[in-house]
Amino acid sequence: MTTSSLIGVWPDVLVPLTPELNIDLPKFASHVRNLEAKGIQRFVLFGYAGEGASFSTDEKLAALTHLIQAGLEPNAILLGVSSSALTDAARLIEQAYAQGVRRFLVAPPTFYQPVTNRAVIDYFDQLITKVHAQDWQLYLHALGGAHSEISEPVVADLLRTHPQTLAGLVDQDPHESHTLDFMRSFGKQISVTPSHEPNLKTLKPVGTVSALANFVPGVIKHLLEADMPVQTTQVAGMKVRQPDDRVIELLNLMGDQPRVAVVKLMLSMHYRQTNWEFVRPPQTRLSNEARDLMMKAFKTFNLLPTE
């Protein structure tokens with residue numbers, strides 16, 4: 001564990017929208033308060049599940065201001081930054097920094113493909129140069145998949161040139177070996193945080209960034225800490241459901257449906273507020289058929305109050 005480690009459960013907070021697809025600020029603050037009431041103390045804002053790439057700098061700053069004024073502590077925030085425009089990314093960091101935020105989850109630009117290691121390094125070099133702040137912390141957002149732009153040579157170069165700024169890496173890739181390679185190479189120098197919940201049991205990290213923690217924070221907390229089963233009331237002949245069982249059960253229910261849309265649907269059922277289903281393009285809502293199937297499946301999941 002490093003001094004910059006992201007400790008505990010950091011929900012990749014979903015963003016509620018109005019029918020006009022603007023951020024619903026009161027509902028946003030209410031969701032954060034509900035998570036706080038369930039023991040969550042730290043939050044990723046405008047990450048992958050938070051549709052960060054779909055919102056402008058001004059929208060993010062307005063939402064950030066609202067949440068802080070509603071009582072969210074700036075030091076509890078890891079703010080997502082995803083812009084190919086260096087000036088926009090730097091402005092977001094500087095203005096959020098002025099409000100007390102110090103941790104920033106920055107994704108590399110992905111519009112122009114393919115992106116070379118040198119191009120990614122140059123992007124972060126220039127970004128760090130343009131941000132006029134002394135003690136902000138950069139967490140690289142490794143999006144994973146076939147076109148992941150955060151490679152080990154990129155991390156090694158940035159560690160060499162910007163050791164005071166580079167604090168960690170959040171790995172969105174679902175493959176356990178992908179995260180494990182980063183941990184083995186850099187885990188003693190920076191924090192390496194997984195986000196694919198089924199991998200927590202074997203990777204044993206000190207923290208996780210989790211989309212599922214939006215509505216099952218208790219399950220993710222127990223899985224991360226490996227401290228107790230979810231189902232504490234035992235019935236003769238019935239298997240006690242462990243946290244990892246619940247996570248696998250939930251992911252199996254989701255299948256190959258668009259992840260952000262299906263997680264928002266589940267949260268809408270949890271809150272009984274259909275507006276939570278709205279997503280900002282290029283994300284898309286589920287088809288009527290897929291929606292009906294997901295709603296039936298989630299009812300069988302039988303979400304418990306302690307989860």
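I started at Ser210, which sits in strand E8 (residues 207-210); helices (H or I, at least four residues) and strands (E, at least two) are DSSP runs, numbered from the N terminus. I am working on a predicted model, where local features need pLDDT of at least 70, side-chain atom pairs count only at pLDDT 80 or more, and totals for chains, interfaces and linings use all residues. Residues are numbered from 1 along each chain as its sequence is written, and side-chain values use heavy atoms, with hydrogens and water left out.

**Ser210.** Is Ser210 buried or exposed? I found Ser210 buried, with a relative accessible area of 0% (buried is under 20% relative accessible area, exposed over 50%, partly exposed in between, with a 1.4 Å probe and protein chains only). I then looked up what Ser210 touches, leaving aside neighbours within four places in sequence: Trp10, Pro11, Asp12, Glu197 and Ile220. Contact here means heavy atoms within 4.5 Å. A polar atom of the Ser210 side chain also lies 3.1 Å from the backbone nitrogen of Ala213.

**Helix H3.** H3 covers residues 86-98, 13 residues in total, and reaches 18 Å from its first C-alpha to its last, close to the 18 Å expected at 1.5 Å a residue (the expected span is 1.5 Å times one less than the number of residues). I listed its buried residues as Ala89, Ala90, Leu92, Ile93, Ala96 and Tyr97. Looking down the axis of H3, I see these buried residues within an arc of 160°, so they line one face of the helix; the arc is taken from the directions from the helix axis to the C-beta atoms. An α-helix has 3.6 residues a turn, so residues three or four places apart point the same way. Thr87 and Ala98 are exposed on the other side of H3. What do the buried residues of H3 pack against? I get helix H2 (57-69), strand E3 (77-81), strand E4 (103-106) and helix H4 (117-130). Just after H3, Gly100 takes a positive phi of about 105°.

**The sheet.** I traced an open sheet of 6 strands in the order E2-E3-E4-E5-E6-E7, with parallel pairing (two strands pair if DSSP finds at least two bridges between them). Strand E2 (43-45) and strand E7 (191-194) are at the edges with a single partner strand each, so one side of each has no neighbour in the sheet. E6 (residues 166-171) pairs with E7 in the parallel sense over 4 bridges, and Val170 stands opposite Thr193 in E7.

Note on methods:
Polar contact = N/O pair within 3.5 Å; in protein donor to acceptor, adjacent residues only side chain to side chain.
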